[in-house]
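Look at the sequence and the model first, then read on.

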Amino acid sequence: SVSSKIIGSDENLGYIRLKSFNENSDKQFLSSVKKFEKNTRIKGYVFDLRNNPGGLLTQAINITDFFLNDGEIVSTKGRKISETRKFFARRGDEINGKPIVVLINNGSASASEIFAGALKDHKRAVILGENSYGKGSVQSIIPLGNGGGMRITISKYYLPSGKSISEVGVTPDILVEEEGNDFRINSEKDNQLNYAIKLLSS
């Protein structure tokens, strides 16, 4: 789920694209970050979560925690007390405060929105691109006697600011829409990524 490369005209920016939040994403993500951190030239990062539909909540929390020293990452609120929980960051920022730009678009949902929203609320990253999808619900599957199941929403995700992700998503700090018919993510025609590079290089 993780791919990475060095970008920028001075080859001093780390680019990590995360396609989904699955069981090993945090380990893969951290190993990419640590590899970049050994390179003394790296002075900033672009984390690309465009078209990332989300995945495991634990992964979203772990990956967000890499870049926050403390504070709330996300909370869930439901009708039952047991469905209401808060998750906090532990001490330690893996990149020691280096600047981060997070790329999102309408295809960034759920765990992607938790990651982008928490870093935005803590002013730890600049969020760039388009408004995210707005899937902020926690679902549970109740097995039925006939072998089927019923999926119901049991609680909703809330960002550190207290805002719900549901139906509204995360608004970027800098709105940059896809341009051109030949737009392709992570290519020369990727105007959102080019904007992020310019921002980090200035």
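## A buried tyrosine

A residue is called buried when its relative accessible area is under 20%, exposed when that area is over 50%, and partly exposed in between. The model shown here is predicted.

Start with Tyr157. This residue sits in strand 9, which spans residues 149–158. Is Tyr157 buried or exposed? Its relative accessibility is 7%, so Tyr157 counts as buried. Tyr157 also shows how the chain folds back on itself in sequence terms. Val74 is 83 residues away from Tyr157 along the sequence, yet their C-alpha atoms are 6.8 Å apart.

## The largest nonpolar core

The largest nonpolar core holds 38 residues. Which of them touch the most other members? They are Phe29, Phe47, Phe67, Val102 and Phe115. Helix 3 contributes the most, with six residues.

Phe115 gives a close-up. Leaving out residues up to four places away in sequence, Phe115 touches Phe21, Phe47, Leu49, Ile63, Thr64, Phe67 and Val102. Another core lies apart from the largest one. This other core has 12 residues, including Val101, Leu103, Leu128 and Ala196.

## Helix 2 against helix 3

Helix 2 and helix 3 meet. Their axes come within 9 Å and cross at roughly 25 degrees. Angles under 35 degrees count as roughly parallel, so helix 2 is roughly parallel to helix 3. The crossing of the two is right-handed.

Which residues make the contact? Helix 2 brings Leu57, Ala60, Ile63 and Thr64. Helix 3 brings Ala111, Ile114, Phe115, Ala118 and Leu119. By class, eight of the residues in this contact are nonpolar, one is polar and none is charged.

## Helix 1 against helix 2

The axes of helix 1 and helix 2 come within 9 Å and cross at roughly 20 degrees. Helix 1 and helix 2 are therefore roughly parallel to each other. Their crossing is right-handed.

On the helix 1 side, the contact uses Ser25, Asp26 and Phe29. On the helix 2 side, it uses Gln59, Asn62 and Ile63. This contact has two nonpolar, three polar and one charged residues.

What else does helix 2 pack against? Its buried residues are Gln59, Ala60, Ile61, Ile63, Thr64 and Asp65. The buried residues of helix 2 pack against strand 2, helix 1, strand 4, strand 5 (85–88) and helix 3.

## Ala116 in helix 3

Ala116 is found in helix 3. Its relative accessible area is 1%, so Ala116 is buried. Setting aside neighbours within four places in sequence, Ala116 is in contact with Val102, Ile104 and Ile127. Asn24 is 92 residues from Ala116 in sequence, and the two are 19 Å apart, C-alpha to C-alpha.

Most residues other than glycine have a negative phi.

Glu11 has a positive phi of about 50 degrees, although it is not a glycine. Glu11 is in the loop between strand 1 (2–7) and strand 2. Its relative accessibility is 48%, so Glu11 counts as partly exposed.

Lys123 is not a glycine either, and its phi is positive, at about 55 degrees. Lys123 lies in the loop between helix 3 and strand 7 (126–129). Is Lys123 buried or exposed? With a relative accessible area of 72%, Lys123 is exposed.

## Lys189 in a loop

Where is Lys189? It lies in the loop between strand 10 (174–175) and helix 4 (191–201). Its relative accessible area is 48%, so Lys189 is partly exposed.

Not counting residues up to four places away in sequence, Lys189 touches Asp182, Phe183 and Arg184. Ile165 is 24 residues from Lys189 in sequence, and the two are 30 Å apart in space, C-alpha to C-alpha.

Note on methods:
Residues are numbered from 1 along each chain as its sequence is written. This is a predicted model: local features need pLDDT of at least 70, side-chain atom pairs count only at pLDDT 80 or more; totals for chains, interfaces and linings use all residues. Side-chain values use heavy atoms; hydrogens and water are left out. A nonpolar core is a set of buried Ala, Val, Leu, Ile, Met, Phe, Trp, Tyr and Cys residues joined through side-chain atoms within 4.5 Å. Buried means under 20% relative accessible area, exposed over 50%, partly exposed in between (1.4 Å probe, protein chains only). Helices (H or I, at least four residues) and strands (E, at least two) are DSSP runs, numbered from the N terminus. Contact means heavy atoms within 4.5 Å. Axes are lines fitted to C-alpha atoms, for helices over the stretch in contact, and angles run from 0 to 180 degrees between N-to-C directions. Angles under 35 degrees count as roughly parallel, over 145 as roughly antiparallel, 65 to 115 as roughly perpendicular and the rest as oblique. A crossing is left-handed if the near helix is turned anticlockwise from the far one by less than a right angle, and right-handed if clockwise. Ala, Val, Leu, Ile, Met, Phe, Trp, Tyr, Cys and Pro count as nonpolar, Asp, Glu, Lys and Arg as charged, and the others, Gly among them, as polar.
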